[in-house]
Amino acid sequence: MEIPYTIKARPDTGLFNAKLGIWLFLASEVMLFGALFSSYILLRIGSVEWPHHVLDVPLATVNTAVLITSSITMVMSWASLMMKDFKKYRLYMGATVLLGFGFLIIKYFEYTHHFHSGELPSHSTFFAIYFTMTGLHGLHVIGGMIVNSYFWGPGSKMWKTEPERFTNRIEVAGLYWHFVDLVWIFLFPVLYLL
Amino acid sequence: MELTHAEDVKKHVRVYVTVFVALLALTIVTVTISYLNLSVVPAIIVALIIASIKGSLVASYFMHLISEKKLIFAALILTVVFFLALIFIPLLAMSDRIH
């Protein structure tokens with residue numbers, strides 16, 4: 001059976017189906033991360049003291065820049081498809097995946113440093129919520145990288161047969177990736193700076 | 001955005017680069033402010049304002065919300081309402097604690 005409205009907009013919603021689908025999924029993701037931000041506020045208000053600048057701020061600033069850069073390469077990969085330039089698409093999408101990988105490598109160094117210093121989730125309320133929030137965010141980065149790698153590699157065959165449908169798929173993958181960037185934009189000040 | 005032509009996309013690319021530079025600049029600003037040793041409440045307010053500006057830039061331009069259909073806005077407004085409930089109801093519960 002053919003999947004309906006992969007290219008053309010559905011008359012009643014004005015959107016192709018996958019776009020409405022991803023936005024509803026992102027709305028549910030807002031609630032998932034929202035619950036954790038709410039927990040963070042309660043834990044912080046209820047605590048006697050809260051650590052300031054105990055995490056590696058310069059390293060996390062670099063990581064923020066890495067993730068923001070991956071967001072622009074992602075949107076450029078979609079824009080390249082809109083301009084029918086498949087080679088540029090591959091270049092930008094490849095960069096997006098590599099930047100996501102770079103983000104995880106930096107996160108890995110941060111985590112191992114904490115583990116070696118005995119700063120496990122059980123160390124304090126702060127480290128418990130820090131690992132929960134950054135861990136869940138990290139899983140989202142891994143998920144996005146899997147999808148993006150597929151669209152860089154085997155999934156990109158669709159460009160030859162159904163270019164418009166493929167462009168829409170990249171737009172939807174992009175919406176997810178930007179959301180992951182957006183969550184980090186809030187996690188960074190909340191956990192590292194305040 | 002499904003009817004966008006290649007010429008329009010070229011204009012968009014310039015916007016994307018501008019947004020990218022703004023995001024990097026705001027990141028540097030918020031990090032710098034965090035080293036100024038402001039007291040807790042103003043520090044939180046300033047950091048959250050900057051994060052909200054950055055978040056809006058990403059949502060408006062990278063996720064092209066500014067030119068999106070009404071239905072998505074309707075879904076997002078509903079999400080915002082529930083998100084605020086999620087954040088503020090536990091706080092109300094705390095202020096109502098029996099001592």
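Domain 1 and domain 2 of chain B bury about 390 Å² between them, and carbon and sulfur atoms give 60% of that area. The side of domain 1 of chain B that touches domain 2 of chain B is made up of 1 nonpolar, 1 polar and 2 charged residues. The model is predicted, and the predictor assigns the complex an ipTM of 0.93 and a pTM of 0.94.

**Domain layout**
- Chain B splits into domain 1, covering 1-68, and domain 2, covering 69-99.
- To the contact between these domains, domain 1 of chain B contributes 4 residues and domain 2 of chain B contributes 5 residues.
- Between the C-alpha centres of domain 1 of chain B and domain 2 of chain B the distance is 23 Å.

**Polar and charged pairs between the domains**
- The number of salt bridges between domain 1 of chain B and domain 2 of chain B is 0.

**Confidence**
- Chain B has a mean pLDDT of 89.
- In chain B, 91% of the residues reach a pLDDT of 70 or more.
- Helix α2 (residues 40-62) of chain B has the highest mean pLDDT among the elements of that chain, at 96.
- Helix α3 (residues 70-95) of chain B has the lowest mean pLDDT among those elements, at 89.

Conventions: Residues are numbered from 1 along each chain as its sequence is written. Chains are lettered from A and ligands numbered from 1 in the order in which they are written. This is a predicted model: local features need pLDDT of at least 70, side-chain atom pairs count only at pLDDT 80 or more; totals for chains, interfaces and linings use all residues. Side-chain values use heavy atoms; hydrogens and water are left out. Domain bounds come from an automatic or database domain assignment. Contact means heavy atoms within 4.5 Å. Buried area is the accessible area (1.4 Å probe) that two parts lose on being put together, summed over both. A salt bridge is a side-chain nitrogen of Lys or Arg within 4 Å of a carboxyl oxygen of Asp or Glu. Ala, Val, Leu, Ile, Met, Phe, Trp, Tyr, Cys and Pro count as nonpolar, Asp, Glu, Lys and Arg as charged, and the others, Gly among them, as polar. pLDDT is the predictor's confidence in each residue, from 0 to 100. Helices (H or I, at least four residues) and strands (E, at least two) are DSSP runs, numbered from the N terminus.
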